[in-house]
Amino acid sequence: MDMVSMGLLAAMGALATIAGASEDLESDVGSQSNPNSQVQLAAQVGHTHRIYNKAISGEPPSNALYAALAAVTASVLMSDAYGMNAFFSIAVGSLVAAVFNGILSMTSYMGRNTSQARFNQYVYLDVLRSHTTTIMAHAYITAFCVVAISYIMTAPWLPIQHPFPLPVIAFTWGIALGAIGSSTGDVHYGAEREFQQYPFGAGLNAANSGDIVTKGEAGLRSSIDNAWFCAKFGGPVTGLAFGLIVFLDNWRTTIFDPATQGWYAIATGVLIVVLLNVYNRILEVRSKKRYGPYPEYAGDIKA
Amino acid sequence: MSTFDASTLIYIIQIVIGGLLVGIGVHFVPVGGAPAAMAQATGVGTGTVQLATGSGLTGLISAGLMMSVTDNILLIVLSGAVGAMIMMDVTMIVGNWVYIYGVGVPPVAAKVDYDPITKDPQPPYIGPGTVGHGVPTVSYVSGTIGGLMGGAGGSLIYYALMNINGVSGLSAFFAIGIFVVNAVIASYNIQGTIEGFHDPKFKRIPRAVQACFIATLIIGIFAVLIHGGA
């Protein structure tokens with residue numbers, strides 16, 4: 001372990017944290033992941049809305065696409081044929097990814113909303129104008145950070161020297177990042193923000209499906225309002241999740257040289273896993289103690 | 001053109017074992033799909049394939065780094081397994097943060113009355129109109145096992161392919177492909193949602209083993225031929 005490696009590891013962790021947060025907020029502004037099922041249902045049960053609606057695909061494949069696109073463009077620009085500096089290559093690559101994101105988002109929004117015309121759901125051009133650029137901006141940050149992490153892992157003049165080519169490693173991190181964003185931050189949007197009119201401390205009752213909040217603090221609620229709310233908790237914790245994964249996974253192989261101390265690296269990983277299992281148990285016990293059983297419960301099993 | 005010898009057979013067997021590990025591992029991953037994203041079902045609020053692939057590929061990155069410095073199969077496979085477990089565990093922990101602090105629901109399993117590991121009663125903590133929420137202890141442990149098997153399986157496939165062609169990018173991409181095929185087959189088997197090894201759907205594993213075996217065998221033969229001839 002040397003100081004340069006530790007510094008790079010810290011930079012990767014920080015970049016991953018930003019990438020995680022921006023990825024989650026991008027999916028919240030666009031309403032991309034699983035919570036979008038409620039947005040699509042809303043118009044059908046009589047709640048027309050001004051929420052952006054872009055379920056392009058699952059988050060992992062779409063983020064893998066953006067990251068790989070940015071990385072391929074950056075690789076080409078960095079190659080001997082063009083010889084562009086790495087920083088600007090990644091910036092241009094991320095721009096290409098953001099443009100692709102914008103095209104997919106717009107077609108997705110227009111396609112989905114026009115298909116719901118029979119439920120009086122409109123295509124709002126002002127929503128399209130204001131939200132698409134916000135989504136693209138978040139996608140740009142995400143792609144930039146993911147490709148920067150991948151570049152740090154693969155650049156020939158840096159110490160980590162991962163064997164995968166830049167686009168493959170960016171693709172892989174893109175899939176992992178999408179999986180994390182879909183699993184963590186989106187729950188804050190789907191379970192809390194979309195159904196804020198129901199009391200805090202309950203999941204969505206199946207009977208209330210599609211009854212999403214359509215009115216804002218002033219006027220009608222837009223998806224940018226949703227990102228504002230999710231930026232307070234869902235986004236940052238998603239960033240923390242991705243940052244922790246990138247940091248912990250690479251930390252073990254930074255403090256222990258995989259060539260000579262591979263077993264120590266694996267043992268450290270196992271120790272981290274055991275500690276996380278214990279921590280989850282503590283979380284579960286504390287939450288059940290704090291919240292107590294539901295008053296509506298009428299069964300025989302004692303809490 | 002490559003020749004079909006004993007070592008080729010061993011690589012195909014390794015790919016098939018890797019594929020089976022992935023297929024079985026996916027059954028352990030607690031995912032609730034779209035309902036879980038609205039705290040309406042137990043498990044992580046995403047798709048089976050998405051989470052399993054995310055963790056398996058994080059393991060692949062660890063395994064790839066390890067394989068660049070050693071030939072020890074055990075080190076490579078375990079490195080992949082540990083990387084996948086870390087990804088899975090951190091994701092489930094942060095998912096639980098969101099359920100507990102963001103939505104205000106405790107983690108609870110709905111398919112059993114008592115948690116098989118901790119013996120805690122579950123039904124009193126299930127929100128009205130939902131079928132559980134969050135990742136309780138039994139699902140968490142199950143998810144960790146799923147990460148272990150998925151990461152190990154992906155790494156084993158990568159190891160076999162790397163031994164054939166020695167090109168890491170190509171091997172990684174083929175490994176990702178074989179991984180996703182098995183994850184999707186397993187996902188069909190559990191129809192999108194499962195709480196973990198205590199879920200009745202878990203008993204469907206034999207069907208997934210058969211399907212994954214056939215699929216991976218066919219892909220494995222082609223993968224070895226394509227890579228050997230490349």
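**Domains, interface and core**

Author: To start with the division of chain A, this chain is split into domain 1, covering 3–255, and domain 2, covering 257–292. Please keep in mind throughout that this is a predicted model.

Reader: OK, and how far apart are the centres of domain 1 and domain 2 of chain A?
Author: Taking the C-alpha centres, the two domains of chain A are 27 Å apart.

Reader: Switching to chain B, what secondary structure does chain B have?
Author: Chain B has seven helices and zero strands, so that, read along the sequence, its pattern is α-α-α-α-α-α-α.

Reader: And how compact is chain B for its length?
Author: Chain B has a radius of gyration of 18 Å, close to the 17 Å that the globule rule gives for 230 residues, and it is therefore as compact as a globular protein of that length. Along the principal axes, the C-alpha trace of chain B spans about 65 × 35 × 25 Å, and buried residues account for 68% of the 230 residues in chain B.

Reader: Which parts of chain B touch chain A?
Author: In total, 70 residues of chain B are in contact with 72 residues of chain A. On the chain B side, the helices α2 (33–37), α3 (48–67), α4 (73–103), α5 (137–165) and α6 (168–190) each supply at least two residues, and the largest share, 22 residues, comes from α4(B).

Reader: What classes of residue are on that side of chain B?
Author: The side of chain B that touches chain A has 40 nonpolar, 28 polar and two charged residues.

Reader: Can we zoom in on α4 of chain B, and is B:Ile76 in that helix buried or exposed?
Author: B:Ile76, which lies in helix α4 of chain B, is buried, because 27 other C-beta atoms lie within 10 Å and the cut-off for buried is 20 or more.

Reader: Which residues does B:Ile76 touch?
Author: If residues up to four places away in sequence are not counted, B:Ile76 touches B:Ala63, B:Met66, B:Met67, B:Thr70, B:Ser155 and B:Tyr159. By way of contrast, the C-alpha atoms of B:Ile76 and B:Pro116, which are 40 residues apart along the chain, are separated by 33 Å.

Reader: What about the largest nonpolar core, which residues in it touch the most other members?
Author: That core has 165 residues, and A:Ala67, A:Ala70, A:Ala143, A:Val147 and A:Ala170 touch the most other members. The largest share of this core, 20 residues, comes from α4(B), while domain 1 (3–255) and domain 2 (257–292) of chain A each give at least three residues.

Reader: So what is A:Ala67 in contact with?
Author: Leaving aside neighbours within four places in sequence, A:Ala67 is in contact with A:Ala143, A:Val146, A:Val147, A:Ala170, A:Phe171, A:Trp173 and A:Gly174.

Reader: Last one, how many residues does α6(B) have, and what follows α6(B)?
Author: The helix α6(B) has 23 residues and reaches 33 Å from its first C-alpha to its last, close to the 33 Å expected at 1.5 Å a residue. After α6(B) comes B:Gln191, whose phi is positive, near 50°.

Definitions and conventions. Residues are numbered from 1 along each chain as its sequence is written. Chains are lettered from A and ligands numbered from 1 in the order in which they are written. This is a predicted model: local features need pLDDT of at least 70, side-chain atom pairs count only at pLDDT 80 or more; totals for chains, interfaces and linings use all residues. Two residues are in contact if their C-beta atoms, placed from the backbone, lie within 7 Å. Helices (H or I, at least four residues) and strands (E, at least two) are DSSP runs, numbered from the N terminus. Ala, Val, Leu, Ile, Met, Phe, Trp, Tyr, Cys and Pro count as nonpolar, Asp, Glu, Lys and Arg as charged, and the others, Gly among them, as polar. The radius of gyration is taken over C-alpha atoms; the globule rule is 2.2 Å times the number of residues to the power 0.38. A residue is buried if 20 or more other C-beta atoms lie within 10 Å of its own, exposed if 12 or fewer, and partly exposed in between; C-beta atoms are placed from the backbone. Domain bounds come from an automatic or database domain assignment. A nonpolar core is a set of buried Ala, Val, Leu, Ile, Met, Phe, Trp, Tyr and Cys residues joined through C-beta atoms within 7 Å. The expected span of a helix is 1.5 Å times one less than its number of residues.
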